[in-house]
Amino acid sequence: KEFLNFLAKCELSEKFTFFYMPCKEHRNVPAGFAFINFLSPNEVLKLYIMVKGDLWKDYLTETFNKVPAMSYGRFQGHEELVKHFASSAVLHEQDPSK
C-alpha cells in the first residue's frame, strides 16, 4: 500500500495496467520488488526521476529501508505479464488449489 501511495504522489496511479508486489511466503511482508506495466515509456521515465530524486523517502516506512532501484523485466507488456503469472496464485488468490 505504501508503494501504491508513492505511485499516486508521482501521479502514476492511473498509468499502469498491471501491478504485482509479492509478499514473503506465509507473511504479509513485501518481498522487496514489484512488477509494473506502465501505459507508456514516459511513465517509466517519470518514476525513475522520482526515485532518483529521493521523493520516495517521504512515502515509504522503515520496512523499506533499501534505496529503490529499477530495472527492465524479462517479461514486457501487459499480455506477457498476465501470461507469465496466469498459473500462479497471483491471479488466482481465491483458488486454494493454486
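Q: What is pLDDT here?
A: pLDDT is the predictor's confidence in each residue, from 0 to 100. This is a predicted model, in which local features need pLDDT of at least 70 and side-chain atom pairs count only at pLDDT 80 or more, while totals for chains, interfaces and linings use all residues. Residues are numbered from 1 along each chain as its sequence is written, and side-chain values use heavy atoms, leaving out hydrogens and water.

Q: Where is confidence lowest and highest?
A: In the protein chain it is lowest in α1, at a mean of 86, and highest in β2, at 92. Helices (H or I, at least four residues) and strands (E, at least two) are DSSP runs, numbered from the N terminus.

Q: OK, α1. Which of its residues are buried?
A: Phe3, Phe6 and Leu7, in a helix spanning residues 2-9. Buried means under 20% relative accessible area, exposed over 50%, partly exposed in between (1.4 Å probe, protein chains only).

Q: Why do they line one face?
A: Seen down the axis of α1, they fall within an arc of 100°, taken from the directions from the helix axis to the C-beta atoms.

Q: And what covers them?
A: The cover includes β1 (16-20), β2 (35-38) and α2 (41-52).

Q: Switching to asparagine 37: buried or exposed?
A: Buried, at a relative accessible area of 13%. Asparagine 37 is in strand β2.

Q: Which side chain does it pair with?
A: The side chain of threonine 17, through a polar contact of 2.7 Å. A polar contact is a pair of N or O atoms within 3.5 Å; within protein, one must be able to donate a hydrogen and the other to accept it, and residues adjacent in sequence count only if both atoms are side-chain atoms.

Notes:
Contact = heavy atoms within 4.5 Å.
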